[in-house]
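Me: I would like to go through this model and ask what its labels rest on. Please set each value against its definition.

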Amino acid sequence: MSNQDLSIKSLLSGLVDQISQLVRQELRLAQAEVSQKIAQAQSGGLAVFAGMLLAFCALLILLQALVLALSNIMPPTVAAILVSLTTAAVAFALIKQGQRKLKVTNLVPERTIAAVRRDKELVMEKTK
């Protein structure tokens with residue numbers, strides 16, 4: 001083998017090593033970012049749950065007060081039905097709004113994807 005063949009072989013070997021090292025680094029970055037996103041989601045979910053539980057208790061008390069107030073101007077059964085139907089309509093609208101905001105696209109590791117794209121472009125440039 002000539003020196004030129006060895007040089008090309010060592011260059012290709014070095015390129016393969018660098019690409020595999022780059023891929024491993026990107027995978028570690030993705031793993032770290034996903035772990036961070038999961039921890040963030042857990043913390044946020046717990047706070048939302050606690051807040052919603054307290055808000056639910058307050059809502060029940062307010063709805064009962066509203067039924068009592070309306071029963072002064074209409075039969076108590078009609079007041080209870082009116083309050084429950086209105087509450088159900090508001091609940092349905094809030095659930096639909098929340099479902100739209102909880103799409104999977106909000107959980108995509110965007111920094112990792114951008115880094116991989118940059119690295120791909122760099123590798124493509126270097127191999128030309």
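Reply: Start with the elements: helices (H or I, at least four residues) and strands (E, at least two) are DSSP runs, numbered from the N terminus. Along the sequence the pattern reads α-α-α. The model is predicted, so local features need pLDDT of at least 70 and side-chain atom pairs pLDDT 80 or more, while totals for chains, interfaces and linings use all residues. Residues are numbered from 1 along each chain as its sequence is written, and side-chain values use heavy atoms, without hydrogens and water.

Me: What makes up the largest nonpolar core?

Reply: Such a core is a set of buried Ala, Val, Leu, Ile, Met, Phe, Trp, Tyr and Cys residues joined through side-chain atoms within 4.5 Å. Buried means under 20% relative accessible area, exposed over 50%, partly exposed in between (1.4 Å probe, protein chains only). L63, V67, L70, A79 and V83 form the largest one. Three of these residues, the largest share, come from α1.

Me: Which residues does L63 touch, leaving aside neighbours within four places in sequence?

Reply: Contact means heavy atoms within 4.5 Å, and L63 has it with V83 and T87.
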